[in-house]
Amino acid sequence: MSKTIFVSLPVTDLEASMAFYEAIGFKNNPQFTDGMVWSESINFMLLTRAKWRTFTSRPIPPKTSSEVMLALSCDSREVVDAMIRAAGANGGTVDINPVEDQWLHVHPRFC
């Protein structure tokens, strides 16, 4: 069995969150109604807050805090720029920190 990572994220609006991730290049995993695939070994599980609470009793952090940073690789700067445009058009906001050539952060607003 190959090693796979499943990143679980609490979301307030599952449909909008799935649309956001599809817009920036993820594919839906039909095995899971809330699963999004980035690559053969990287999957995001978008969990409603109610479902999230079945896994942990710890509080969901407010939008004003940072708990984890995830980075996605892309083939070129043009692909990154297209992803940023798609993210903005589908409810995301670009990070307020300065853009660096190798790092660009985008936050979906649905978390």
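This dialogue walks through a predicted model of one chain.

Trainee: Where is confidence lowest, and where is it highest?
Mentor: pLDDT is the predictor's confidence in each residue, from 0 to 100. Here the chain has a mean pLDDT of 82, and 84% of its residues reach 70 or more. Strand β6 (residues 106-108) is lowest, at a mean of 56, and β2 is highest, at 93.

Trainee: How many helices and strands does the chain have?
Mentor: Both are DSSP runs numbered from the N terminus: helices are H or I with at least four residues, strands E with at least two. This chain has 3 helices and 6 strands, in the order β-α-β-β-β-α-α-β-β from the N terminus.

Trainee: What is the strand order in the open sheet?
Mentor: Strands of a sheet pair through backbone hydrogen bonds, either parallel or antiparallel. Two strands count as paired if DSSP finds at least two bridges between them. The open sheet of 4 strands has the order β1-β4-β3-β2, with mixed pairing. Its edge strands, β1 (5-11) and β2 (27-28), each pair on one side only. Strands β3 (residues 35-39) and β4 (residues 42-48) run antiparallel and are joined by 4 bridges; Val37 stands opposite Asn43 in β4.

Trainee: Which strands does helix α1 touch?
Mentor: Contact means heavy atoms within 4.5 Å. Helix α1 (residues 14-23) packs on the sheet and touches β1, β2, β3 and β4. For its direction, axes are lines fitted to C-alpha atoms, for helices over the stretch in contact, and angles run from 0 to 180 degrees between N-to-C directions. The direction of α1 makes about 160° with that of β4.

Trainee: Which residues touch the most other members of the largest nonpolar core?
Mentor: A nonpolar core is a set of buried Ala, Val, Leu, Ile, Met, Phe, Trp, Tyr and Cys residues joined through side-chain atoms within 4.5 Å. Buried means under 20% relative accessible area, exposed over 50%, partly exposed in between (1.4 Å probe, protein chains only). The largest core has 14 residues, and those touching the most other members are Leu9, Tyr21, Ile24, Phe26, Met36, Phe44 and Leu46. β1, α1, β4 and α3 (77-89) each give two or more residues to this core.

Trainee: Is Thr4 buried, exposed or partly exposed?
Mentor: Thr4 is partly exposed, with a relative accessible area of 34%.

Definitions and conventions: Residues are numbered from 1 along each chain as its sequence is written. This is a predicted model: local features need pLDDT of at least 70, side-chain atom pairs count only at pLDDT 80 or more; totals for chains, interfaces and linings use all residues. Side-chain values use heavy atoms; hydrogens and water are left out.
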